[in-house]
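Here are some exercises to work through with the structure in view. Try each task yourself before you read its solution.

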Amino acid sequence: MAQMRFELVSPERLVASGEAERVTVPGSEGDFGVMALHAPMVSTLRPGVLVIEETLGSEKKVFVRGGFAEAGPEGLTVLAEQAVPVEELDADLLAQALKDAEEDLADAQDEETKRRAENQLAQLQDVISVLKTMGHG
């Protein structure tokens, strides 16, 4: 299988960089997979787990929140507001993310902001549930 260039960047650090066979991204419209020579596209991210398949059978999982992904024939770049390898997640980080989402909802001043905050909170709760079933968090 062909390799593609892949980078995952958060404000704090370069989380992952190199070659990957496939990356599954939690897009705002649903999960999507990117492989070498992908058609150009841009998607916003929803809170979720990004899965990097570096080689057949080798996976790295990263919790991402906020930001966007840009795919194209040359590769994939993901700019995330928050990106933490799943093995580094702890209950405190998840609790803080949930608290932030609840505060965003409480602070919402208009219907559109409130709707986005409700979606973000629901998605984050889903991610926490998924991570717990994976034995993390």
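A residue counts as buried when its relative accessible area is under 20%. Keep in mind that this is a predicted model.

**Exercise 1.** Describe the largest nonpolar core and one of its residues.

*Solution.* First, the size: this core has 21 residues. Then pick out the residues with the most contacts inside it, namely Phe6, Leu8, Val23, Leu50 and Leu76. Strands 1, 2, 3, 4, 6, 7 and 8 each give two or more residues to this core. Now zoom in on leucine 50: beyond four places in sequence, its contacts include Phe6, Leu8, Val23 and Val78. Another core, of 14 residues, lies apart from the largest one, and Phe63, Val86, Leu89 and Ala101 are among its members.

**Exercise 2.** Characterise the largest pocket.

*Solution.* Begin with the volume, about 540 Å³. Of the 23 lining residues, Leu45, Pro47, Gly66, Arg116 and Gln120 are the closest to the pocket's centre. Strand 7, strand 8, helix 1 and helix 2 each give two or more residues to the lining. Helix 2 gives the most, with seven residues. Last, sort the lining by class: six residues are nonpolar, ten polar and seven charged.

Key: Residues are numbered from 1 along each chain as its sequence is written. This is a predicted model: local features need pLDDT of at least 70, side-chain atom pairs count only at pLDDT 80 or more; totals for chains, interfaces and linings use all residues. Side-chain values use heavy atoms; hydrogens and water are left out. On a 1 Å grid over the protein atoms alone, a cavity is a set of points where a 1.4 Å probe fits but cannot get out, and a pocket is an open set with protein on both sides within 12 Å along at least five of seven lines; lining residues have an atom within 4 Å of a point. Grid points are joined across faces, edges and corners, and a volume is the space filled by probe spheres set on the points. Helices (H or I, at least four residues) and strands (E, at least two) are DSSP runs, numbered from the N terminus. Ala, Val, Leu, Ile, Met, Phe, Trp, Tyr, Cys and Pro count as nonpolar, Asp, Glu, Lys and Arg as charged, and the others, Gly among them, as polar. A nonpolar core is a set of buried Ala, Val, Leu, Ile, Met, Phe, Trp, Tyr and Cys residues joined through side-chain atoms within 4.5 Å. Buried means under 20% relative accessible area, exposed over 50%, partly exposed in between (1.4 Å probe, protein chains only). Contact means heavy atoms within 4.5 Å.
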